[in-house]
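Please open the model in a viewer and keep the selection tool at hand. The stops below are meant to be taken in order.

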Amino acid sequence: MSEKVEIIERKEIPHDKVMLFGFPDVGLVGVIAASHLISELNLTEVAYMNSRLLPPLIVLHEGLPHSPIRIFGNGSILLAVSETAISAETIYDIMHSLINWGRSKNVRMMISMSGIPVQDRQDIEKLKVFAAASNPEMLKAVQDKGVHVLKEGYMVGPQAIMMQHCANTGLPAVTLLAQCFFNYPDPEAAAALLKELTSITGTKVDVSKLLDKGEEIRLRARDVMRRTRQEMSKMNKTQEYDIPLYVS
Amino acid sequence: MSTRRRRSIFEIISEYFENLEEWTERFREALIEKPSWNHRACTIEPLSNIMVTPTEVIVTVDLPYAEENTIRVKPIGRDTIEILAKMKRKIRFDDLGITHYKGEFQTLHCQIRIPVPVYTDKMEVRFKRGILEIHLFRKRGHEIPIE
């Protein structure tokens, strides 16, 4: 683990689980999905990140301080979530530390939850969810579940680092990307992603409350989205719209 | 044939300072952090976005809880539009879990500067999935003939 990042465990961490990631990105899809998973599955905080790489802030819940990056869990999954936008300068160390920590707990698979922005999002009735995987076996496994594969393109942000690091270290990993708004919190996209997550992990999640509270989530998430936009711009997030030059 | 009046040095300097003031104001707006709500005016500032295409400028604004028939889009000056919408219900800080501030909000409000010249007197507006979309048509500039 990077010396700059410390992961402090609050509880005994179960081994051989699936580890999910919900970090601020386009449409805040991952964070909204993660927040819904925490409340629906009654996940509790099992560990948190302590690092000088994080901005000088704490998140207060019920008057008590919490790290902006925490890991939640239950008997079947671990979920890393960030309540603040992560800067482009620190994202490598932060993601590598989380992945290495997951490896130390013999995590069997990592899944990053995020979005893929589409310009005509307002007009799309049924949102598609795409997947990319760290190795051919994982790619086939998600294809067999009926998830669309993101065949060509660029990926920018926390999920890009996760995919690369997992591919380098031989850890099976999948990134799920729901079609979403680029700049606006998108609870519908988070709901679409959670439905596909069920098919991959078997963890059933009711998304009806998430859809019912859509407007409230959009209102609450404005400030996180605003800060995330600033960091996405520094990361050249719009490169995901680019058409790649295929080098064989 | 129309003749163009030559501008005096004072007019040029005055215009220069006006432009400088406008740019300073834009930088100030971009750099100085402020809350996304105005407790005195009881307004919440929604998220917005601007896209410039060769023929039009498309402004979108995310308007959660907006009552569709109360949405107003008003031009302010030559390069700014104002968006106002009443919310379906009053939102208090308490509703958002915030107990150290007091106040309630019932209007979404923002002003958006348009980065290129547009006709602000004619625009197309639609509201779908809680997102307001405004199409403003660009003013044509001087075209350089290709020889």
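A residue is called buried under 20% relative accessible area, exposed over 50%, and partly exposed in between. The model is a predicted one.

**Stop 1: a loop residue in chain A**

Select N106(A), in the loop between helix 2 (91–104) and strand 8 of chain A. Is this residue buried, partly exposed or exposed? Its relative accessibility is 46%, so N106(A) counts as partly exposed. Check its backbone as well: phi of N106(A) is near 55 degrees, a positive value in a residue other than glycine.

**Stop 2: the two ends of helix 3 in chain A**

Move to helix 3 of chain A, residues 136–144. At its start, display the side chain of N135(A), where an oxygen comes to within 3.1 Å of the backbone nitrogen of E137(A). Then go to what follows the helix, G146(A), which has a positive phi near 90 degrees.

**Stop 3: a salt bridge within chain A**

Over all chains, the whole structure has 25 salt bridges. For one of them, select E45(A) and R70(A), whose closest N and O atoms are 2.7 Å apart. Which parts of the chain does this pair link? E45(A) belongs to strand 3 (residues 44–51) of chain A and R70(A) to strand 6 (residues 69–73) of chain A; these are distant parts of the chain, with the two residues 25 apart. Colour the pair by accessibility next. E45(A) has a relative accessible area of 11% and is buried. R70(A), at 8%, counts as buried too. Both values fall under the 20% cut-off.

**Stop 4: an open sheet in chain B**

Now show chain B as a cartoon and find the open sheet of 4 strands, which run in the order 3-4-9-8 with antiparallel pairing. Strand 3 (48–52) and strand 8 (118–128) of chain B are at the edges; each has a single partner strand, so one side of each has no neighbour in the sheet. From one strand to the next, the twist averages 20 degrees.

Inside the order, select strand 4 (residues 56–62) and strand 9 (residues 131–138) of chain B, an antiparallel pair with 7 bridges. To look at one residue pair in this stretch, pick D62(B): its bridge partner in strand 9 of chain B is I131(B).

**Stop 5**

Which side chain of chain B meets D123(A) at 3.0 Å, N to O? That side chain is R126(B), and the two form a salt bridge.

- D123(A) is partly exposed, with a relative accessible area of 38%.
- R126(B) is partly exposed, at 29%.
- K128(B) is partly exposed, at 28%.

**Stop 6: a salt-bridge network**

Select R121(A), E125(A), D186(A), E188(A) and R129(B) together; salt bridges link them in a network. Centre on R129(B), in the loop between strand 8 and strand 9 of chain B. Phi of R129(B) is positive, near 55 degrees, in a residue other than glycine. With a relative accessible area of 23%, R129(B) is partly exposed.

**Stop 7: the second largest pocket**

Strand 3, strand 4 and strand 9 of chain B are the elements that give two or more residues to the lining.

**Stop 8: the largest cavity**

Rolling a probe the size of a water molecule over the atoms shows where empty space is left. The whole structure has 3 cavities of 30 Å³ or more. How much space lies in the largest cavity? About 70 Å³. To find it, select its lining residues, among them F23(A), P24(A), D25(A), I91(A), P158(A) and T228(A). Finish on helix 8 (residues 222–234) of chain A, which gives the most to this lining, with 3 residues.

How values were computed: Residues are numbered from 1 along each chain as its sequence is written. Chains are lettered from A and ligands numbered from 1 in the order in which they are written. This is a predicted model: local features need pLDDT of at least 70, side-chain atom pairs count only at pLDDT 80 or more; totals for chains, interfaces and linings use all residues. Side-chain values use heavy atoms; hydrogens and water are left out. Two strands pair if DSSP finds at least two bridges between them. Axes are lines fitted to C-alpha atoms, for helices over the stretch in contact, and angles run from 0 to 180 degrees between N-to-C directions. A salt bridge is a side-chain nitrogen of Lys or Arg within 4 Å of a carboxyl oxygen of Asp or Glu. Buried means under 20% relative accessible area, exposed over 50%, partly exposed in between (1.4 Å probe, protein chains only). A polar contact is a pair of N or O atoms within 3.5 Å; within protein, one must be able to donate a hydrogen and the other to accept it, and residues adjacent in sequence count only if both atoms are side-chain atoms. On a 1 Å grid over the protein atoms alone, a cavity is a set of points where a 1.4 Å probe fits but cannot get out, and a pocket is an open set with protein on both sides within 12 Å along at least five of seven lines; lining residues have an atom within 4 Å of a point. Grid points are joined across faces, edges and corners, and a volume is the space filled by probe spheres set on the points.
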